[in-house]
Amino acid sequence: MHRHLIIVAILVTIAEGTVRLKPPELLLAEEHRARINTATVELQIMPDPSYNEFCYFTERLAGMEVLYIIRGLEDGRFAPNCEIGQPYAFSELRLLMKEGEQWDYHEFGPSAHVRNEKARYIPYYDIRKLGFEPAPVTAEVEDIWFRKPALTYEVYYNEPHIEVVGYWPDDRVVRWLLDPLKDMQPTRVTALVEGDEISVCENVYESIGDIWFPRNSTYTYKDQVVTKINVLHAEFNQSHHPQTFTPADLGIVAGVEIMRQGERTKLRWSGDAIISNDDWLRGVKEGTLNDSGYNALMDGLRSSSGGGRYPRLMDNDFLGLTSTVTRKPGLWEDYTRRFIQRFRLEGEQIDRAWTHLKECQKPAYAYLDEQKSVIREAETERAKVAAELAKVEAELAKVEAELAKGDTDRATPGANLSPSAGAKEKSTSGAKEKSSSGEKEKSSAGAGTKDETSAGGSPQERSAAQAPDPASADAANDARVKQRAAFQEQLGKLDERLKQLYEPIEKIFEEKLKPGLAKLPTQAQIDAARARENEASRTPATKS
């Protein structure tokens with residue numbers, strides 16, 4: 001085919017030196033992928049030949065923020081060298097890239113890290129860059145040669161493709177083969193050094209809406225496959241996608257230690273923000289911060305069966321998730337992912353599972369969008385009532401604790417001796433010792449009695465006068481009990497209201513999503529899953 005030079009990218013000489021401009025064809029390709037603003041992507045990656053099996057990842061985008069979850073191997077292990085019984089063997093590594101920092105949290109761990117230097121980032125892929133480079137370099141690497149400015153470009157129209165060639169120092173070259181029918185997306189990217197083809201990326205594309213993305217990317221180095229990246233499921237720019245992420249999306253519970261690059265002081269996660277260790281301890285002591293989640297986390301790590309040492313059990317109706325999944329279409333992704341993992345679905349089965357999920361989510365999200373104001377109002381009201389109920393129950397618990405303490409004190413011999421009773425006993429003893437004392441002392445004692453009477457009676461009487469009126473305390477307690485009953489009734493009505501509102505969503509989950517997925521595994525896969533679960537039921541993990 002006739003090959004002719006169309007464009008040589010313009011070189012502009014300024015005071016600092018020569019600046020190259022990317023040709024418009026390559027810019028169009030990059031701009032097309034940059035149209036992805038929000039996304040949910042399920043990835044299957046074989047990082048290198050030594051693995052001999054795929055790892056699974058989830059990537060979520062919200063503008064420039066990235067939530068990236070390394071889910072591990074098909075059997076749930078984090079990596080090939082993880083063994084059953086080891087801490088974190090069956091856990092996830094979760095990353096958040098936000099505001100120039102990378103957070104990383106290893107599921108079940110007592111600490112999280114925050115890094116502000118990209119050179120120290122844990123590697124991750126970005127769907128917006130996938131397939132543009134000749135080697136499987138992860139997003140955080142900045143100093144690789146083909147990510148630096150090229151000296152110049154050449155563009156050749158070679159129907160049905162367009163070829164862009166970039167030239168770097170030291171006789172290094174990158175060739176992009178662009179497909180004009182797919183918004184200039186690169187189908188093949190090749191790196192050459194001194195004329196020898198070193199590494200190649202080949203892409204197979206699929207479109208969702210108006211976005212083209214590489215469904216499969218295969219990387220070779222000197223003709224040997226080194227990495228395969230498959231997109232199992234993707235959706236872009238949907239209204240139900242989150243517009244931002246927070247560290248809470250990593251699953252960090254309040255109390256987890258935050259190890260921030262450059263910080264020497266001990267920090268903690270409050271549930272909403274990073275605080276000092278002193279503020280955390282003070283908040284726990286005062287009751288403004290809740291450490292129950294952190295305590296449970298540490299108990300799991302100390303346990304011989306917790307801390308991700310054993311596979312997750314997924315043999316119930318919700319595959320290890322809570323019943324909340326029935327009302328939250330966003331959680332159906334996790335349910336589908338667990339279903340795929342449970343039955344070890346393969347190839348076309350996986351495609352059909354994710355396609356079925358999207359078919360179920362579509363009407364569910366449409367209904368939620370239609371009813372969002374009504375549902376939001378009911379959930380807001382329920383949250384307010386639940387908060388008020390919690391306050392009343394806390395007050396009642398406090399009263400019950402005080403009453404129980406009083407009962408304990410009265411049951412303890414000698415513990416209830418009042419100061420006034422002691423004074424009386426001492427006075428009686430003194431009177432016996434001084435029974436021969438004169439009228440003057442009696443007169444003084446009488447004057448003292450008069451003073452006590454004028455001050456409000458005996459010490460016992462004054463103490464009784466200062467104590468709360470039992471009848472009044474009972475009345476206040478009765479009022480709280482009635483208040484609690486009223487809030488409980490109100491909460492019950494709101495729960496029934498929300499149940500009715502969510503019923504169409506739950507129906508889609510129970511009558512469409514679950515039965516559709518259940519048709520996918522073969523009998524052999526079902527039998528194998530049951531055998532694995534029977535084996536897992538005999539591990540210590542089931543006793544925790």
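Reader: Which element gives the most to the lining of the second largest pocket?

Author: That is α1, with four residues. At least two lining residues each come from α1 (24-33), β7 (93-98) and β12 (172-179); helices (H or I, at least four residues) and strands (E, at least two) are DSSP runs, numbered from the N terminus. Do keep in mind that this is a predicted model, where local features need pLDDT of at least 70, side-chain atom pairs count only at pLDDT 80 or more, and totals for chains, interfaces and linings use all residues. Residues are numbered from 1 along each chain as its sequence is written, and side-chain values use heavy atoms, without hydrogens and water.

Reader: Why is one space called a pocket and another a cavity?

Author: On a 1 Å grid over the protein atoms alone, a cavity holds points where a 1.4 Å probe fits but cannot get out, while a pocket is an open set with protein on both sides within 12 Å along at least five of seven lines; so the way out decides the name. The second largest pocket has about 880 Å³, and the largest cavity about 90 Å³.

Reader: What makes a residue part of a lining?

Author: An atom within 4 Å of a point. The largest cavity has 14 such residues, with Tyr125, Lys129, Leu130, Glu133 and Val137 closest to its centre. For the second largest pocket there are 36, and Asp126, Lys129, Glu133, Ala139 and Arg147 lie nearest its centre.

Reader: How many residues of the pocket's lining are charged?

Author: In the second largest pocket, 16 are charged (Asp, Glu, Lys or Arg), beside 19 nonpolar and one polar.

Notes:
Grid points are joined across faces, edges and corners, and a volume is the space filled by probe spheres set on the points.
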